[in-house]
Amino acid sequence: MNINDWKLSLNGVVLAQILTYIPGIEQNKVITKALDGSFYIQTIGTGNPYADISIFASRLQMEAINQAEADGVYLTAVYREKTVMGYIEAKPEWDAAEPGEWYTTTIKLLIAEEVST
């Protein structure tokens, strides 16, 4: 799979080119320090997978991504051998690569489903 296939999409419509994909797991923890200085870590539930995804988009694509985040819609991200589906956690903060034309941002995609290809 080549870089031209690394896309963020909604129902088959490409919303952006993916530049980087950094996976992670968000875990709820309670960390307690004992009087003797030792630490006790308790994890609550199972970790939730997510990915920090840097994207490159046109002005129209940027507007579609903003709307997708506001509506809480299910998006698909294809990067290398992975295809993941999920939701954008928070409103994207955009940087203008070419003002009025092209923009970049990093979104946190909360992964609901993952498929290896």
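The model is predicted.

**Aromatic cluster**

Start with the rings. The structure holds 4 aromatic pairs. Select Trp 6 and Tyr 79. Their pair is tilted, with 4.5 Å centre to centre and 50 degrees between the planes. It joins distant parts of the chain: Trp 6 sits in the segment before strand 1 (7–10), Tyr 79 in strand 4 (residues 75–79), and 73 residues separate them. Both Trp 6 and Tyr 79 are buried.

With Tyr 79 it forms a stacked pair, 5.5 Å centre to centre and 15 degrees between the planes. This pair also links distant parts of the chain, from Tyr 21 in strand 2 (residues 13–33) to Tyr 79 in strand 4, 58 residues apart. Tyr 21 is buried too. Keep all three selected: Trp 6, Tyr 21 and Tyr 79 form one aromatic cluster.

**A lysine over a ring**

Move to Tyr 50. Lys 108 lies over its face, 4.3 Å from the ring centre.

**Helix 1**

Now select residues 59–71, helix 1. Its 13 residues should span 18 Å at 1.5 Å a residue, and the end C-alpha atoms are 18 Å apart, which agrees. Colour Met 62, Ile 65 and Ala 68, which are buried. Look down the axis: the buried residues of helix 1 fall within an arc of 120 degrees, so they line one face. Their cover includes strand 1, strand 2, strand 3 (39–58), strand 4, strand 5 (82–88) and strand 7 (102–116). Turn to the face directed away from the buried side for the exposed residues Leu 60 and Ala 70.

Finish at Gly 72, which follows helix 1 and has a positive phi, near 65 degrees.

How values were computed
Residues are numbered from 1 along each chain as its sequence is written. This is a predicted model: local features need pLDDT of at least 70, side-chain atom pairs count only at pLDDT 80 or more; totals for chains, interfaces and linings use all residues. Side-chain values use heavy atoms; hydrogens and water are left out. Rings of Phe, Tyr and Trp (its six-membered ring) pair if their centres lie within 6.5 Å; planes under 30 degrees apart count as stacked, over 60 as edge-to-face and the rest as tilted. Helices (H or I, at least four residues) and strands (E, at least two) are DSSP runs, numbered from the N terminus. Buried means under 20% relative accessible area, exposed over 50%, partly exposed in between (1.4 Å probe, protein chains only). A charge sits over a ring if NZ of Lys or CZ of Arg is within 6 Å of the ring centre and within 35 degrees of the ring normal. The expected span of a helix is 1.5 Å times one less than its number of residues. The arc is that of the directions from the helix axis to the C-beta atoms. Contact means heavy atoms within 4.5 Å.
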